[in-house]
Amino acid sequence: MGKLTIPEQELMRPGHMGCLGCGGTLAMRLALKAAGPDTIISIPACCWAVMPGVWPNTCMGIPMLYTAFEVTGASISGIRAALDAKGKKDTNVIGWAGDGGTFDIGLQALSGMVERGTNALYICYDNEAYMNTGIQRSSSTPEGAWTTTTPVGTENYWEQGRKKDMISIMVAHGIPYAATANVAYPEDFVRKVQKALSIDGPTYLQIFAPCPTGWKSQPAKSIKLAKEAITSLAYPMYEVENGVYKINRKPKEQTPLKDYMLKQGRFRHLTEEFIEEQQKMLEANWKRLLKLEEITNEE
Amino acid sequence: MSKHQDIPLTPINTESSEKVRTGDWRTYIPVFDAEKCIKCYICWKYCPDAAIKVKDEESLPEWDLFHCKGCGICAEECPKDAIEMILEEVE
Ligand SMILES: Cc1ncc(C[n+]2csc(CCOP(=O)(O)OP(=O)(O)O)c2C)c(N)n1
Ligand code: SF4
Ligand code: SF4
Ligand SMILES: [Mg+2]
């Protein structure tokens, strides 16, 4: 006899338009399991605006509002205010946007929502580029990556500069709860969604969501890649509650960044030296996280 | 529905996507070996298409091939190698 380790309820129906092996799709399935039916979700332009299906079909088992690209944060502030006015204080409100819609174009609206103290959960599914419009770089794209706007050929215009640190930006707002998550760890993500929803205030989750189409990776490998993002230190999994850091997974053994990167076509052009530089940068970032955990947990 | 004029100004999606046969996107089809299965439901947990059903915690997982797109995550993640992806024959 087995045991289900995450809620059984299925609020994301099959028949959706997500690509094979899409991490963003799995992220939604898990988030809805965690949030339950008394939830309203607002989604701007992104793959998830298309995935529910062609009108009049939808894979969503809960009410969903399509909103404009820049305004997810404002949109959920409005939904929350309307629900509160109607006395529906227990209905969950979730904003769900891609990294382009969060790190770049929706950043101001998200900042406003957190500053206002809106009681809502904002979830960014991070596939590290603007995928729905054909793989353009965003400020979440990691250094060295190929995208259609950072092309690689006879000349190299791959992504320059490091990935924006959104969690630090959220923490700087004094947000009650912010965390990263990973589709390879559904139990952890379900717990984080439920925790965030139990907090009366603004909360932010950012889930690492492999995109085989944009990363030029094998659909079947999405979960393996997601695990390797943690062991290679490329995408640490941690949460920050009222300024106190907790790292959720500390790899017993660090795996080479090279192994993670070379499984993805978007990094295939990179030299050993370049990848080594990146690994050093990630190791420094990891040390900083460990320090933050230590300092913020002192009495 | 035939013309774009028939679409309401504010379209509201009211019907379930379940009637959409995404199974015809498939190239490789999962073949399940019940003998090897230990009912850990890891395959169910990771399916991005909610195409693996688990009736209760006594039952074997079941594949919904009307919707399964053949991504192969279940076969890759199964700890007992109870799932194999094979090239699907179509008439
Ligand atoms: C104001 C505005 N600019 C551009 C677009 C075109 N657009 C639609 S989806 C999208 C990409 C979204 O990227 P991201 O937020 O990372 O989500 P993903 O598609 O990667 O899931 C863009 C540029 C738009 N809909 N609205
Ligand atoms: S392009 Fe990427 S994120 Fe978008 S549906 Fe396909 S796999 Fe998912
Ligand atoms: S992952 Fe494999 S062993 Fe576990 S329930 Fe699925 S088929 Fe059975
Ligand atoms: Mg994106």
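**Ligands and buried residues**

Guide: A polar backbone atom of C47(A) is 3.0 Å from an oxygen atom of ligand 1. That is a polar contact, a pair of N or O atoms within 3.5 Å; within protein, one must be able to donate a hydrogen and the other to accept it, and residues adjacent in sequence count only if both atoms are side-chain atoms. Of the accessible area of 590 Å² that ligand 1 has on its own, the protein covers 74%. Accessible areas are from the Shrake-Rupley method with a 1.4 Å probe, and for residues only the protein chains shown count as cover.

Visitor: How should I read the names and values?

Guide: Residues are numbered from 1 along each chain as its sequence is written, and chains are lettered from A and ligands numbered from 1 in the order in which they are written. The model is predicted: local features need pLDDT of at least 70, side-chain atom pairs count only at pLDDT 80 or more, and totals for chains, interfaces and linings use all residues, while side-chain values use heavy atoms, with hydrogens and water left out.

Visitor: Which polar side-chain atom lies 2.5 Å from an oxygen atom of ligand 1?

Guide: That atom belongs to Y125(A). A polar side-chain atom of D99(A) also lies 3.2 Å from an oxygen atom of ligand 1.

Visitor: How many residues surround ligand 1?

Guide: 16, and the closest are G100(A), G101(A), Y125(A), M131(A) and N132(A). To be near, a residue needs a heavy atom within 4 Å of the molecule or strand. Helix α4 (residues 99-104) of chain A gives the largest share of this shell, three residues. Helices (H or I, at least four residues) and strands (E, at least two) are DSSP runs, numbered from the N terminus.

Visitor: What about the magnesium ion?

Guide: Ligand 4, the magnesium ion, has D99(A) (OD), N127(A) (OD1) and A129(A) (O) as its protein donors, 2.0 to 2.1 Å away. Donors are N, O and S atoms within 2.8 Å of the metal (3.2 Å for Na, K and Ca); water is not among the atoms, so sites may look incomplete. The spacing of the donor residues in sequence is D-x27-N-x1-A.

Visitor: Is N127(A) buried or exposed?

Guide: N127(A) is buried because its relative accessible area is 7%. Buried means under 20% relative accessible area, exposed over 50%, and partly exposed in between (1.4 Å probe, protein chains only). A129(A) is buried too, at 4%.

Visitor: Which residues are around ligand 2?

Guide: They are C19(A), C22(A), C47(A), M51(A), N127(A), M131(A), C211(A), P212(A) and T213(A).

Visitor: New topic. Where is S138(A)?

Guide: S138(A) sits in the loop between β5 (121-126) and α6 (166-172) of chain A. S138(A) counts as buried because its relative accessibility is 0%. Its side chain reaches the backbone nitrogen of S140(A) at 2.9 Å.

Visitor: What does S138(A) touch?

Guide: Not counting residues up to four places away in sequence, S138(A) touches several residues, among them D99(A), A129(A) and E159(A). Contact means heavy atoms within 4.5 Å.

Visitor: And S217(A)?

Guide: S217(A) is in the loop between α8 (212-215) and α9 (222-231) of chain A. S217(A) and R266(A) are 49 residues apart in sequence and 8.3 Å apart in space, C-alpha to C-alpha.
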